[in-house]
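Me: I would like to learn how to read a few local features from a set of coordinates, one at a time. Could you take me through them, giving the general idea before the particular case?

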Amino acid sequence: MESVIPQTLFALISKAFKERVEEINRLNVFPVPDGDTGTNMSLTLDAVTDEVAKLPSGVSLEDICHAATHGSLMGARGNSGVITSQIIRGLCEGIVESNDESPSERLAFALESATRVAYQAVRKPVEGTILTVCKDLGIAARHAAEEGMDLEQALDFVAKAGHASVARTPDLLPVLKESGVVDAGGYGLALIFDAFAAGMLDREVTQTPLEFAVPDMTVAPIDDWDDDEYLYCTEFLLFGDGIDTESVHDFLIGHGGSELIVGDSGEYKVHVHTDDPAQILGHVLALGEVSDVHINNMRKQQAARPGSAAGSGENGPHKHLGVVSVASGSGIVEILKSLGVDAVVSGGQTMNPSTADLVEAANSLSCDEIIFLPNNKNIVMAAQSAADVMDKPAYVVPTRSIPQAFAAMLNYEPEGEGVEIVEAMSSAIVDVATAEITTAIKDAKGNVGDIKEGQYIGIVNGKDIEAVGDSVNEVVESILEFLNADDYETLTLLAGEDLAQEQAEALAALAEERYPEIEVELLRGEQPLYPVILSVE
């Protein structure tokens, strides 16, 4: 690659990607009005463009890469956006670190770095997704370098391999094959690389077909990032001249997993999962100096870490533990505040707030520690990113629904110890079963068979469509039967803004009649798009 990335490159990528957003969004498996993959990736790329645009002309490659990395992290939205930010981070690190390599070798190094960082960011990598496509891009780039291709040949070859990888995603992920689609995030990444290649070669971005006749270069899934047997995630910077990185890497392999050492010129970033951080640090201290040491207990992290905000903010009373929650709907916001939430960031299915939105809300509070409640599976990773960049202890209770947030807040103590309170809040959400009733926005197939646009569907625990019908009542009845509601003690119904109070009361009465042993609570959530959100505990 050229020694300097054009400062206009990210703007070109963002513009080209924006033209394909709806094409990517249509690949979503679920027929729900979601915070779509294409939209989230596009917003993340916009944040990168904005950050790079702040730089004066003629800055260094390192400055451009730093701005791109920072912008992608702070602007990441949804899981797809956060993973995209990690791919950008790894790519930029690789570009800078491989400065002395040939263009095709440098491309391979950068894409391999992107793969490592992206897989590292996901606790349980799933093949057949954007991760697989990123990995196959790196494999193709390595093949191009070994074959001695020049930059133009290598970029074209890798772009074709990326689309071929996308075409194979249904073979790796059954839900894609069942729905007759390829992975949306993977396709989005292939389009990003198309624009990247065009920008590096100073030519127009062209639309590339999905399938190409390229060598089969898919390798076995990378599974060494899931190290449940190790307790501590250990990261630090290592400084020293003449350090044998291969020797350090071998030592890390012998004493842990998810090992990574990157860098050059006497400055290295080290990451490893291990049961004995002291042993790792003792070894490297004999080689050089260390700084920025971070040791996180992953068992605790699993439970206790990873718009405008409304709440007490800086003018409110100081407390030890502050809570930032994501929600949409005036009734839901009111309930969350009554339970002790300090700041509510507007968002949910239709718009996933960014890392920066969550950080801004947290920084508005007067507190010693922060708890984030994402309340949506597509916001969990953004919340984790926000927690990571806070300058005070911050935790994520991985709530995936509003009812889980309610349950979590019933175990909240504003002056308690952060880790202990987060553990209690995280434990409280385990037994909450949630269902969301909404309207299908397109024809689709689900566990219940064919779904027609305009029908009501019931999604259980944010995963599977388990009921379909022509009325809200019909779907609620089916969902309660599917959940075996007789086995629970309480049923909570959150009425959306499109559900009249008379209809909501009739639905609650129907549930009381059908399940006389269950305590039924009807609340006005006023959430958009979802006439009913229900939970049983």
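Me: Which charged end sits over the ring of Tyr 515?
Reply: The general idea is to ask whether the charged atom is close enough to the ring centre, the cut-off for Arg being CZ within 6 Å, and also within 35 degrees of the ring normal. In this structure, which is a predicted model, the charged end of Arg 514 sits over the ring of Tyr 515, at 4.5 Å from the ring centre.

Me: How many aromatic pairs does a search of the whole structure find, and how should I read the geometry?
Reply: The search finds one aromatic pair. For the geometry one takes the angle between the ring planes, where under 30 degrees counts as stacked and over 60 as edge-to-face, with the rest tilted. The ring centres of Phe 193 and Phe 196 are 5.6 Å apart and the planes stand at 40°, so this pair is tilted. Because the two residues are three apart in helix 10 (residues 184–201), about one helical turn separates Phe 193 from Phe 196.

Me: Are Phe 193 and Phe 196 buried or exposed, and which residues touch the most other members of the largest nonpolar core?
Reply: Phe 193 and Phe 196 are both buried. The largest nonpolar core has 90 residues, and those touching the most other members are Leu 107, Phe 193, Phe 196, Val 324, Leu 358 and Phe 372. Helix 10 contributes the most to this core, with eleven residues.

Me: How do helix 3 and helix 5 cross?
Reply: One reads the approach of the axes, then the angle, then the hand. The axes of helix 3 (residues 37–53) and helix 5 (residues 78–97) come within 7 Å and cross at roughly 40°, which means that helix 3 is oblique to helix 5. The crossing in which helix 3 passes helix 5 is right-handed.

Methods: Residues are numbered from 1 along each chain as its sequence is written. This is a predicted model: local features need pLDDT of at least 70, side-chain atom pairs count only at pLDDT 80 or more; totals for chains, interfaces and linings use all residues. Side-chain values use heavy atoms; hydrogens and water are left out. Rings of Phe, Tyr and Trp (its six-membered ring) pair if their centres lie within 6.5 Å; planes under 30 degrees apart count as stacked, over 60 as edge-to-face and the rest as tilted. Helices (H or I, at least four residues) and strands (E, at least two) are DSSP runs, numbered from the N terminus. Buried means under 20% relative accessible area, exposed over 50%, partly exposed in between (1.4 Å probe, protein chains only). A nonpolar core is a set of buried Ala, Val, Leu, Ile, Met, Phe, Trp, Tyr and Cys residues joined through side-chain atoms within 4.5 Å. Axes are lines fitted to C-alpha atoms, for helices over the stretch in contact, and angles run from 0 to 180 degrees between N-to-C directions. Angles under 35 degrees count as roughly parallel, over 145 as roughly antiparallel, 65 to 115 as roughly perpendicular and the rest as oblique. A crossing is left-handed if the near helix is turned anticlockwise from the far one by less than a right angle, and right-handed if clockwise.
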